[in-house]
Each structure stands twice: as structure tokens, then as C-alpha cells.
Amino acid sequence: MLSSALKQSLTLAVIMAALVGCSSTSTTTDSADADSAVSSAADSSAVDTTDTMADEAVEALDTVFYFDFDKSMLKPEARAALTAHAENLKAAPKAVRLEGHADERGTREYNMALGERRAKAVRDYLVLQGVDASMIETVSYGEEYPAVVGATEAAYEMNRRVEMK
Amino acid sequence: MIFYRAVRQWLAVALMVVAAQAQAELTIEITQGVDNPTAIAVVPTGWTGGALPEDVAAIAAADLRRSGQFRPIAREDMLQWPRFGDQVFYRDWRVLGSDYVVLSRLNPVPGGGYSLDFELYDVLSQRKVLQRNVQAGPQGLRDLAHAMADAIYEAITGIRGAFSTKMLYVEAFGNKRYRLMLADVDGAREKELLKSSQPIVSPSWSPDGKQVVYVSFETTRPAIFRQVLATGERQQLTNFRGLNGAPVFSPDGRKVAMVLSKDGNPEIYTLDLATRVFTRHTNHFAIDTEPAWSNDGKSLIFTSDRGGKPQIYQVTLASGRVERLTFDGDYNARARFTPDGKSLVMVHRYNGVFHIATQDLESGMIRVLTQTDLDESPSIAPNGAMLLYATKDRSKGILAAVSLDAGVKFRLPSKQGDVREPAWSPYFTKR
């Protein structure tokens, strides 16, 4: 569990570093809004990783996108990664499954609907970028599959997500 | 000599009960009762045969204790263990502070099974209040005990007892294994109804207590199933794209209300089980989910965030008119009507913490019933006295119960997996 969380934040860090490297000032401001866990990873240990893995940034595109509590709005870093995914999917179409999740707070069926709304937000963004809607399936698991177990804000942040498979 | 034999018998029974409890997966911890519970002496059940697999009087006493309304007298404090009314010395029971005395005798029934005779005596007025006989099959000793507790509870409180009812709950082991369980409401006699490597969600009962409906992800997508308890026969009711969730039987058992997002948004539907026709009852781009029937079956309440935050709304089925019911707080969800139809119970966020609350429908007054965090899935007993809900204990899912006046509380911790989504059964016998 820990290693997958670590891997996720490292991947995120790679994307963010790539963004900072090639993009305008707005991206810099956005990265300041990102999860503190991710920021700290980017600030400290991830610097070396960025240098060695920069070439692999496209292959390492993040497939997990995070959301705020009771929200289904895409965060800027998710939009950046999804734009790159959309280009790949247009170039080489394949079936994609988007699995929506919620943190454990609130009721199970409402969270089921929330997970679906998040998965659909990701789908709609991909479709807007030109990806064929018929290739995308959305499924919500609500709060049933937490990525991280625990009643902490850090765990909740990791659990409010859409996974692209 | 008689007393010695009784002690020996009791020890044998006590050992059996310890063994039985070690197997039960859910155990009971009473955390709060009423201030002045009625003292009651449930005398060990008379029986002349060999060792019994269950201690009937102890089970009935535990039922009464769990209601929070009673304080059963410990056996070792009783001066005698009478079997018949003419052996009751009221003065001795008065000295013990006991308000009531229960005597019971168990006899074998020819062809297998048991017959239980029991009486309830009022110590102050020195008279017999209740006398009854109940019978059950060879596996029915716990049924007899719960039937005795039901009758005693009703005779003293005037409220029908619900100790003979059952509950469903979901047990999860990590994200890997899920079980739909059926058990007595004291956690005993648990039985697995369904096992899956994929989530099982939202179990609920048919009004006659013979079927259950639930959501299973066994097809890698959510789908609604119904299952007949007696035969285990299953039927898949839905297989739509998107959400297939929150199924609940109508009070007449002919329809199932549910949430489907096949048309783009989560909307409330009903399925007529005979005609297989789906009817849509809401039409809004927001989330509409978690339907529950009014007791007359003419309307549904549901959770919707059409106002920006989840709140409870009511739709009248004949007209389609929608009305908002909750205004207090920024998160009210998964509401159910109380059996008298006068209140809602629901999940209510207060100071950022998720509690179980009731709302009086006439005054709109909200009352928070629980102090724990992450409380959800309230399910009311058919007599309206208590509700079961799911909560967390050090990040492990457990079941707990609270009375609707918040005076009585107990917990049912699980020995194994995370337990959640309790669904309290209806009465199995109608009056």
C-alpha cells in the first residue's frame, strides 16, 4: 500500500516537474495548490528522479486523478495528464475503463454517485479532447475500494480519485 | 440436593454458552442504558433432560438487558430458583430489589423440538402478569428464548418486542473478500448468504422478511439482485450502464425503488416486479439517490444535492411533486421513516462529523443520537425502539445500536472483518 502511494506521488512529481519545465507561470501557481504530500515529494527526494526519468514522462503519465471532498471538478494537474492521455488515445485508440472512487465520509450510495460523477468528469474531458466516447466505460465503486486505509485527511485525499485502466 | 443439582446443571449450561459465544462473530458490549432500569429476575429455566445447547433464561435476560430498559438480576444473587408459581416467595425477591420474576420450564416435544412454558410475576402486587407457552424445533432454543423476551418486554413496556427479528450486514476482508450475512439481532447464529471477491452493497428486506435485495459487483459492474432466504434462489433485477443501486422494497412488496443512472444522471426509479416495468420518478441533473418508501407507499424520500449539498427530498409518486424536507446542516443523507411515520432517521453532519440523527417532520427539529464518528446506514427496528447503524472503531468497521431517544447504546464489534450496512428485519409474524 505504502509503496503504491509512493509510486503515485513520484509519478505525479515527474509530471509536475515536466509541467514546470515546459509551461507558463499559471502552472507554477497551480502546483502550489496541489496536495501537500505531493508538493513535499516534489520539493525533496523527487528532484533526482526527475532528471533521470524525464525522458520517460510520457510512458509514466499518471493514471490516477484526485478530487476535493464532495467535488468532481478536475484539478489542473489531472487536466494536464489527461490532455496527454487523449493524444495517445487518439493516436492509438483502445478501450478505457474509468473507475470512480470516494473517501469513506458520508453515505455509501451517495458516494457511489459521487464516484460516478468523478469518472464522468474524466470521461467528458477526454471526449472534449477528441477521444471516441464509445471506447470509454465508467464504473463507480464509491467508498468500497480505498487506496489507503485510515481516517486521516491524507488517506482521504488518496481515496477521492478516478483510476484509468 | 435440588439446589446442588440446579447448580450443576447451570454450570454445564454456562460452559456450553461460553463455547457458543466463542463462535459468534459479533459480540455485544452495552455502553449506556436508561437511568432507572426495571429490575427483573429471569430464573434459570427448568429442564430435566441432559445438557442443553443453549441457556434459554440467559439469552432472554441478555435480550432484556440489551434493550437498556431492564437490569436482570444475577443468578448467583437469587435466593432460590423456583420453577412454579407456588414456589415464589415474594418477600425474598423484594429484598433483592427485583420488580419482576420470570419462571420458565422446558419440555421435550415428541418427535423432536422443545416446548417452553413461562410466567411473569409482578413482585410488588404479588400476582402473575403473564403466562404463555411457545414451541420450536430441535434448533429453536434461541427462538424460544427470544419469544419469551418479546412477551416479557411487551407485557411490561407495552411495546411489541423485536428480539425475535434478524439483521443483514456486509462483512469485508480488506478489498478482497465480501460476505452478505444474516444473523439474530444479538449477533448469534450468523449465516452467510453470499460470498464474493467484489463489493456487496445496500442489503435490505422484503416486507414479509422472506427475501432480500442488494447490490453486487460480481459482474465487475454494480447490479441489483434479489434472493429468497429459504431457498437461496437468486434473480438479477438490473443490468444497466452506470449506477444500479440502493434497492428497497415497497411496503406491499410489489415494487423495488432504486437509483439508476442509465439516462445520464442518478435518478430514482421503481421496478414493478410482476410487470418488469421501470418507472422514473425524478428528473434532475444533480445526484438523486438513496430512496426510501413512506409507510403508505405513496411517496419516496431520497437524497439529492440539487440544492448544492446533499439534503432529503420527498417525491409524491402520483403527481411527481418534489418537496425538500431537511434544511438544518450541510449534509443530510440516506433517510428512513420511523415506523410511526412521524420522524426521519438519517446521516447528519454536525461540526464536520457524521452522526445518526432524527428529524421530527412536524417541527423540523433535528436530534443527534450518536457521539461516534463516520456513522452511517441507520436501520430501525420494526417496533421503532432502537436502530442499528455502522460506525468505526479505530478504523475498523463495527455495528452499533442506539435507542431513538438516545438513552440506550450498545455495540456489536466483529471478531473478524469490517462489518457494515446493517439492515434490521421486519417482524416475521404479522398481527
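This is a predicted model: local features need pLDDT of at least 70, side-chain atom pairs count only at pLDDT 80 or more; totals for chains, interfaces and linings use all residues.
1. Chain A. The fold of chain A comprises seven helices and four strands. Read from the N terminus, its elements follow the order α-α-α-α-β-α-β-α-β-α-β. Of the 165 residues in chain A, 53% are buried. The accessible surface of chain A is about 7500 Å², and carbon and sulfur atoms account for 59% of that surface. Where contacts in chain A join residues at least 6 apart in sequence, 77% of them link residues at least 24 apart.

2. Chain B. Chain B contains four helices and 30 strands. Buried residues form 55% of its 431 residues. For contacts in chain B between residues at least 6 apart in sequence, the share that joins residues at least 24 apart is 44%.

3. Extent of the interface. The size of an interface is often given as the accessible area lost when the parts come together. Between chain A and chain B this buried area is about 2700 Å², and carbon and sulfur atoms contribute 52% of it. Three residues, R108(A), E109(A) and Y110(A), provide 26% of the area that chain A buries against chain B, which is more than any other three residues provide. The contact draws on 26 residues from chain A and 38 residues from chain B.

4. On the side of chain A that touches chain B, α6 (108-128) and β3 (136-142) of chain A each supply at least two residues. The largest contribution to that side comes from α6(A), with nine residues. By class, the residues of this side of chain A are eleven nonpolar, three polar and twelve charged. Five salt bridges are counted between the two chains. In one salt bridge, the side chains of E104(A) and K392(B) meet at 2.5 Å, N to O.

5. Salt bridges within chain A. Over all chains, the count of salt bridges is 41. The side chains of D124(A) and R123(A) form a salt bridge at 3.1 Å, N to O. D124(A) is classed as partly exposed because its relative accessibility is 42%, and R123(A) is likewise partly exposed, at 25%. A further salt bridge joins the side chains of E163(A) and K165(A) at 3.6 Å, N to O. Here E163(A) has 15% relative accessibility and therefore counts as buried, whereas K165(A), at 54%, is exposed.

6. A network that includes both chains. E163(A) and K165(A) also belong to a network of salt bridges with R97(A), E99(A), E137(A), R161(A) and R221(B).

7. A buried pair in chain B. Are the two partners in the salt bridge of E119(B) and R105(B) buried or exposed? The closest N and O atoms of this pair are 2.5 Å apart. E119(B) lies in strand β5 (residues 114-122) of chain B and R105(B) in strand β4 (residues 100-108) of chain B, so that the pair, 14 residues apart, links distant parts of the chain. E119(B) has a relative accessible area of 4% and is therefore buried. R105(B), at 12% relative accessibility, also counts as buried, because the cut-off for buried is under 20% relative accessible area.

Methods:
Residues are numbered from 1 along each chain as its sequence is written. Chains are lettered from A and ligands numbered from 1 in the order in which they are written. Side-chain values use heavy atoms; hydrogens and water are left out. Contact means heavy atoms within 4.5 Å. Buried area is the accessible area (1.4 Å probe) that two parts lose on being put together, summed over both. A salt bridge is a side-chain nitrogen of Lys or Arg within 4 Å of a carboxyl oxygen of Asp or Glu. Ala, Val, Leu, Ile, Met, Phe, Trp, Tyr, Cys and Pro count as nonpolar, Asp, Glu, Lys and Arg as charged, and the others, Gly among them, as polar. Buried means under 20% relative accessible area, exposed over 50%, partly exposed in between (1.4 Å probe, protein chains only). Accessible areas come from the Shrake-Rupley method with a 1.4 Å probe; for residues, only the protein chains shown count as cover.
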